Amino acid sequence: RQWYHRCVRDYGKCFALINRVETCYYSLGNLLNPWKHTTTFHAFNMVQATKTKKKFIVTDSNQKYVAIVDISRHIYIYNSSGESSVGKLLVMTLDNSEDAEVLGVYPKKDSIVLLTEKHLVTVKFSL
């Protein structure tokens, strides 16, 4: 297994591990069970492996989606949690003609806020 990235849920911190092609999220539990599995994004490791310009990988606080934000232009929003092993990938391209670098990302329930070198952008979407 490989450590992937960390996130913050409504009730505490969590982290993700790659398990073959899946990305499994865990939150901190108690002394008897220190790791609590919270969700799995099926085949997400295969999706992220193809993104060569990725800068941020984030998930919303309810872990309904995971997003990859590249250096300046693209946002890939992936949803496959739940019983189905079929994923849905939304690809968005920012109108970033100045090629301003993305400096920060904040995931929300149905949007992602991006801070670039020149703008603060909110991207809304529906899963």
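Predicted model: local features only at pLDDT ≥ 70, side-chain atom pairs only at ≥ 80, totals over all residues.
The protein contains 1 helix and 11 strands. Read from the N terminus, the order of these elements is β-β-β-β-α-β-β-β-β-β-β-β. Of the 127 residues in the protein, 44% are buried. The protein exposes about 7,700 Å² of area, and 52% of this is supplied by carbon and sulfur atoms. When contacts between residues at least 6 apart in sequence are considered, 35% of them join residues at least 24 apart.

Strand S3, which covers residues 22–28, pairs with strand S4, which covers residues 35–41. The pairing is antiparallel and extends over 6 bridges. Together, S3 and S4 form a hairpin, with 6 residues between the two strands. Within this arrangement, Ser27 stands opposite Lys36 in S4.

The interior of the protein is considered next. In soluble globular proteins, nonpolar side chains tend to be buried together. In the present model, the largest nonpolar core has 14 residues. Ile75, Ile77, Val105, Ile112 and Leu114 are the residues with the most contacts inside this core. At least two core residues come from each of four strands, namely S6 (66–70), S7 (74–79), S9 (102–107) and S10 (111–116). Another core, of 11 residues, lies apart from the largest one. Its residues include Ala16, Tyr25, Phe41 and Tyr76.

If neighbours within four places in sequence are left aside, Leu114 is in contact with Val69, Ile75, Leu94, Val102, Gly104, Val105, His119, Leu120, Val121 and Val123. On the surface, Leu120 forms a nonpolar patch with Leu103 and Leu115. The accessible area of these three residues together is about 300 Å².

Charged side chains were also examined. The structure holds 1 salt bridge, in which the side chains of Lys55 and Glu101 meet at 2.4 Å, N to O. Lys55 has a relative accessible area of 32% and is partly exposed. Glu101 is likewise partly exposed, with a value of 30%.

Finally, two residues other than glycine show a positive phi angle. For Ala43, phi is about 65 degrees. Ala43 is placed in the loop between S4 and helix H1 (44–49). Its relative accessible area is 25%, so Ala43 counts as partly exposed. For Gln63, phi is near 55 degrees. Gln63 is placed in the loop between S5 and S6. Its relative accessibility is 2%, and Gln63 therefore counts as buried, since that class requires a value under 20%.

Notes
Residues numbered from 1 in each chain as written. Heavy atoms only, no water. Core = buried A, V, L, I, M, F, W, Y, C linked by side-chain atoms within 4.5 Å. Buried < 20%, exposed > 50% of the residue type's maximum accessible area, 1.4 Å probe, protein only. Contact = heavy atoms within 4.5 Å. Patch = residues over 30% accessible without salt bridge, like charges linked within 9 Å, V, L, I, M, F, W, Y side chains within 5 Å. Areas by Shrake-Rupley, 256 points an atom, 1.4 Å probe, with all protein chains shown as cover. Salt bridge = Lys/Arg side-chain N within 4 Å of Asp/Glu carboxyl O. Pairing = 2+ DSSP bridges.
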